Structures are given as structure tokens and as C-alpha cells.
Amino acid sequence: MLTRREMLRTSAAVATTIAIPRIAGAQEAKGFTLPKLPYAVEALEPSIDAETMTIHHTKHHQAYVDNLNKALVGQPEWLSKPIEEVVANYKKLPEAIQPAVRNNGGGHLNHSWFWQMMAKPGTGGEPKGELLKAIDASFGTLDGFKKEFLNAGLTQFGSGWAWLVVGKEKPLAIAKTPNQDSPLMDGGKVLLGCDVWEHAYYLKYRNLRAKYLEAWFAVVNWNFVAELHAKK
Ligand code: MN
């Protein structure tokens with residue numbers, strides 16, 4: 001039989017041995033987390049409905065975060081790098097985990113940007129100043145930009161993204177990528193992106209991707225695009 005004093009000592013010792021690895025484990029496993037949306041789920045209506053936003057954020061984006069953390073479990077130092085760095089350098093990782101990091105790291109980065117690249121209709125501003133000059137010099141007019149961007153989104157076969165990036169010949173350029181690839185993987189600088197995976201629009205627009213893209217322009221956060229452009 002243990003005395004009360006011995007029992008206390010024993011339970012304290014057990015608590016200590018359990019507590020220390022738990023704290024260390026929590027730090028190692030921290031990894032990437034789902035960012036909060038910068039607005040309410042219904043804020044982007046009517047362009048993007050609340051149900052699509054909810055599923056897109058809490059299911060799809062969460063899955064990219066979870067699967068990225070799982071893929072990097074054996075590379076703990078990568079779990080504390082900025083996600084931009086992970087995506088830009090994923091080819092330095094062991095080959096076996098590169099596809100998972102490319103898809104899920106790309107997914108986490110693309111969506112983290114995407115939420116910020118949109119704003120409640122009427123609050124995202126319009127391109128002006130240096131950004132508007134760059135758009136005019138690259139696409140003729142803002143409408144010229146919209147036409148090219150919409151065309152990139154429409155012609156991305158299957159799942160992927162349409163992008164506005166810093167250009168090589170002109171100040172700005174349009175790009176598209178399949179799956180969750182990011183222009184960052186090839187050294188590109190992203191200013192704006194639109195998710196053209198069916199999960200981004202199918203509940204409301206069904207197969208009509210063009211209708212989704214046209215409605216999406218109403219929720220572009222040009223103020224955020226201008227910030228990225230100023231830092232390019
Ligand atoms: Mn998506």
C-alpha cells in the first residue's frame with residue numbers, strides 16, 4: 001500500500017512524464033493552419049453563395065492544410081517555413097513527398113491568397129494609379145484585361161487557376177495553371193488569381209464557368225491587388 005504522500009509523488013511524476021512529451025509533440029505537430037476568412041461566408045453573394053464559401057473554406061482548404069501537414073511530418077523544419085517558401089522550393093524535398101507537397105502546399109497557398117483577393121461587392125475598389133497604368137500598358141484597357149483573364153479561366157482544361165502575374169515583356173501578364181500549381185513554382189509573381197475548380201462554382205453555376213467568372217469580377221479586391229503590385 002502506498003501512503004498518501006507517496007501516491008501524490010507518484011501521480012506528480014506521472015503527470016510530469018506525460019506533460020513534457022505532450023508539449024514537445026504539440027510544438028512539432030503545429031504546422032500549417034486554416035486562415036480565417038476576412039469576411040462573413042455570405043459577404044460575396046450574389047457572386048459566390050454562402051454554402052459554396054463554407055464548403056470551399058472548411059472542407060477543401062482544410063483538407064489541403066491537413067494533407068500538407070501529414071506530408072511534411074518527417075520534415076519538421078518545413079512545417080515552420082512560410083507557405084510561399086515551401087511552394088517555391090518543394091523540389092528540394094525528398095521525391096516521394098514532392099507530389100503531396102506540390103498539390104496540398106499549392107492548394108493551401110492558392111486559397112490563402114484567393115480569400116484575400118476577394119471582397120464584399122462594392123468594397124474592393126477599382127484599379128487606379130500605377131496598377132491601372134500597368135493594366136492599360138499590358139491589355140489596352142481594364143476590359144481588355146477582363147477579356148483575357150476570363151479566356152484563361154475558360155480555357156484551363158479541367159481543374160486549375162487563372163492568374164494575373166508580373167510580366168516579362170509587358171508590365172503584367174495572364175497565366176493559367178493546372179490543379180493547385182502556383183506561378184510561384186516557376187518564379188512568377190502573383191497579383192490576382194481565380195479558382196476555376198468546379199468546387200469553386202458548381203453549386204450555383206453548375207457547368208457555366210463563364211457565368212461564374214463574369215460574376216467573380218464584382219468581388220475582386222483591387223485594393224489588395226494594388227498592395228501586391230506596389231511590393232512586386
Ligand atoms: Mn478551391
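Mentor: The model is predicted. A residue counts as lining a pocket when it has an atom within 4 Å of a point of that pocket. For the second largest pocket, Trp113, Leu184, Gly188, Lys189, Val190, Leu191, Leu228, Lys231 and Lys232 are the lining residues.

Trainee: Which elements give two or more residues to that lining?

Mentor: They are β3 (190–195) and α9 (222–231). The volume of the second largest pocket is about 160 Å³.

Trainee: How do you know how many of its lining residues are nonpolar, polar and charged?

Mentor: Lys is classed as charged and Gly as polar, while Trp, Leu and Val are nonpolar. The lining of the second largest pocket therefore divides into five nonpolar, one polar and three charged residues.

Trainee: What volume does the largest pocket have?

Mentor: The largest pocket holds about 350 Å³ of space. Its lining has 19 residues, and Lys168, Pro183, Asp186, Gly187 and Gly188 lie nearest the centre. Two or more lining residues come from each of β1 (160–166) and β2 (172–178). With four residues, β2 gives the largest share.

Trainee: How does the lining of the largest pocket divide into nonpolar, polar and charged residues?

Mentor: Seven are nonpolar, five polar and seven charged.

Trainee: Why is the largest pocket said to lie between domain 1 and domain 2?

Mentor: Residues of both domain 1 (4–116) and domain 2 (129–230) are part of the lining, so the largest pocket lies between the two domains.

Definitions and conventions:
Residues are numbered from 1 along each chain as its sequence is written. This is a predicted model: local features need pLDDT of at least 70, side-chain atom pairs count only at pLDDT 80 or more; totals for chains, interfaces and linings use all residues. Side-chain values use heavy atoms; hydrogens and water are left out. On a 1 Å grid over the protein atoms alone, a cavity is a set of points where a 1.4 Å probe fits but cannot get out, and a pocket is an open set with protein on both sides within 12 Å along at least five of seven lines; lining residues have an atom within 4 Å of a point. Grid points are joined across faces, edges and corners, and a volume is the space filled by probe spheres set on the points. Domain bounds come from an automatic or database domain assignment.
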